[in-house]
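Open the model in your viewer and keep the selection panel at hand. The tour goes stop by stop, with a pick at each one.

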Amino acid sequence: MDTKIFAGSPYPLGATYDGNGVNFSIYAENAEGVDLCLFNNTNDPTEALKIRIKERTHQIWHVYIPELGPGQLYGYRVYGNYEPQNGHRFNPHKLLIDPYAKAIAGTLDWDDSLFGYEVGHPDADLSFSETDSAPFVPKCVVVDSGFNWEEDKPLKIPLHKSIIYETHVKGFTAMHPAIPEEIRGTYSGLAHPSSIAYLQELGVTAVELMPVHHFITDRHLKENNLTNYWGYNTIGFFAPDVRYTAKGIQGEQVNEFKEMVKALHRAGIEVILDVVYNHTGEGNEMGPTLSFRGIDNAAYYRLTEEPRYYMDFTGTGNTLNARLPNVLRLIMDSLRYWILEMHVDGFRFDLASALARELHDVDKLSSFFDVIHQDPVISQVKLIAEPWDIGEGGYQVGKFPPGWAEWNGKYRDCMRDYWIGADSMLGEFADRLTGSSDLYQDDYRTPTASINFITAHDGFTLHDLVSYNEKHNQANGENNNDGESHNRSWNCGAEGPTDDEEINSLRSQQKRNLLTTLFLSQGVPMIVAGDEFGRTQDGNNNAYCQDNDLSWLDWTNKDESLLRFTKQLIQFRREHPIFCRRKWFQGMPVKGVGLEDIAWFLPEGNEMENEHWQNDMARSLAVYLNGHGIRSLSEEGTKIEDNSFYIMFNAYWEPIHYKLPSDKYAISWVKMLDTKLDSIAEHAAYQANEKITVEGRSVVVLMSQKTK
């Protein structure tokens, strides 16, 4: 094969098609040599052509091959010292995935040859494997970045108007009866008109997709006939995962993903990606050599003082070293690629604390935050942190810098505690309901820094939260030892499914309580796919390896009553800006009105005093929200005003009689919502100072008819 070879350019990194040929570029600081390997077919046992890259600019190896084009399959072999004790694990017998690959054709086929050492050797990872891994490694694909986006542009929905729907590309449509079978569980399935119509009718403004970066399934899962369903095991930070394509594996998946984004944008729905830049799928020192480890182990990973081993702040065996310029560049290049080329609207960063660690401590002034803050592209999209990792000091809720929103784990815990009747001070409940000012206000952040949630992909579903006291994870094959044991859940009187009508009625009411609290809280609400219609995982609170109907949405057994209530609740929030404030409550009189923007009341109708907030046993209170006290302007520059609201929370198991406040707050009120009921509508009218019964474990929302 007579192939012309030109010097090429160090930038951009990765494989770049320019219409005449392909430039290949790879960072490998400590390498002594790099081979570019070209393949004709995905199942070829070895490369059709091996090209030694002779050009090196600083730490980057590069070559240009004219006449190559989109669809070309490739990988790398990298030469250097195999000295695990010094942090180097070069092994040219291992075919390596390009960290900048825009598409990957297929999935990993587990085999002993994938390891840089001889599996079973007495010297373990200090031994050296000479077996070629090429037959078992998925090949990288050269792609054409051209795509007709038509008029697509960022939606830029403000956070205070956002309602986030966390879902899984496959799980959302895998069992959807209205989706053609051949595209169920794919990017095309999520883009199907039936999927989009459902999301629009539900009223959400963004889908937060669980990982779609190309990932690998751990060997032990594969050998136990399980899989990595969630996808938090990335090996390709630029490549949309091939498992979710309906149109082809040699680059077609890229355009299919773009078509999905374009269709969602056309429907007014943003796309947020759950991204995993804290570690890779190569595991610890006993893991396989698939990409970064073989390209330049010491230049990508955080190693211990004994560099044979990896620092592990993630529980996965390794941590990417975001302190190094080349790793920072990789992360930033990936983020910019997904924004500029794939048109996504934001990111949720898995175990984000791991990215912010300088030496050992989490540092909110770390280079990771500095680089993002100054980037004119990345800084302008939605940035959401999972503000913890498993390392010491890793729980960082409330400590990320301005410009970031955070999954508010304290909100989740507090609201769960409140509704199961746990002893928790009302003061924290009030903080969480009003946007968690104790966590975010001092840093010039706003209530939208708090991503509020009751459930997420990891943990119980909403239905299971009110149906199980204990986790039931036996299907995961770990003797029920995996998953969180302290779930702050209550089964309402029976473990799991029951025919007891009283228990089932209470469970339905508790679900309405939790959803109502979520959508009437200041901050940004996030709901997990299926919670709106009562999806269950049979008590499994860690279904990461369950790629089956345990995890997939069951569209044939929806709780239609709960779904209708959730739709009404979301619409209610969207219609009333008082629940979507951009600014903090001040607790001070509103000019021209004479009333505070917020006030808290005991059931007896008296305003709460300081000592009332410290009562561990108290489970009932009311809050007044002043519709004249929003203190914000609309996009058109007009003052935003709303009705005033009086919300009564009763987590006590018996009914409580609430006395409404005096007519200075409102002359008359209308009951809009009662979680004892399953619909939101105008139910009954009440006068100032009148008494109203709030049933046990319920919320009642009153809206002012006339205000002073």
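Select Ala105 and Lys139: Ala105 stands opposite Lys139 in strand β11. The two strands here, β10 and β11 (residues 139–141), run antiparallel and share 2 bridges. Strands count as paired when DSSP finds at least two bridges between them. Helices (H or I, at least four residues) and strands (E, at least two) are DSSP runs, numbered from the N terminus.

This is a predicted model: local features need pLDDT of at least 70, side-chain atom pairs count only at pLDDT 80 or more, and totals for chains, interfaces and linings use all residues. Residues are numbered from 1 along each chain as its sequence is written, and side-chain values use heavy atoms, with hydrogens and water left out.

Now widen the selection to the sheet. It is open, has 5 strands in the order β4-β3-β7-β11-β10, and pairs antiparallel. Its edges are β4 (49–53) and β10 (104–105), each pairing on one side only.

**Backbone stops**

Go to Tyr11 and Pro12. The peptide bond between them is cis, with omega near -5°. Pro12 sits in the segment before β1 (14–17).

Next, pick His58, in the loop between β5 (55–57) and β6 (60–66). Its phi is positive, near 55°, and the residue is not a glycine. Is His58 buried or exposed? His58 counts as exposed, because its relative accessibility is 67%. The cut-offs are under 20% relative accessible area for buried, over 50% for exposed, and partly exposed in between (1.4 Å probe, protein chains only).

Lys156 is another non-glycine residue with positive phi, near 50°. Look for Lys156 in the loop between β11 and β12 (164–167). Lys156 is exposed, at 56% relative accessible area.

**Parallel strands**

Select β18 (residues 382–385). Which way do its side chains point? Lys382 and Ile384 point one way, Leu383 and Ala385 the other, and all are buried.

β17 and β18 pair in the parallel sense over 4 bridges. Phe347 stands opposite Leu383.

**A covered helix**

Move to helix α10 (residues 426–433). How many of its 8 residues are buried? The count is 6, so to speak mostly covered. Leu426, Gly427, Phe429, Ala430, Arg432 and Leu433 are the buried ones. Show what they pack against: α9 (409–420), α11 (437–440), α13 (501–519), β22 (598–601), β23 (620–625) and β24 (645–650). Contact here means heavy atoms within 4.5 Å. After α10 comes Gly435, with a positive phi near 105°.

**The whole chain**

Zoom out. The protein chain has 14 helices and 29 strands. Its radius of gyration is 27 Å, close to the 27 Å that the globule rule gives for 708 residues, so the chain is as compact as a globular protein of that length. That radius is taken over C-alpha atoms, and the rule is 2.2 Å times the number of residues to the power 0.38. Along the principal axes, the C-alpha atoms fill a box of roughly 90 × 55 × 50 Å.

Color by burial: 62% of the 708 residues count as buried. Among contacts with a separation of 6 or more, 72% join residues 24 or more positions apart.
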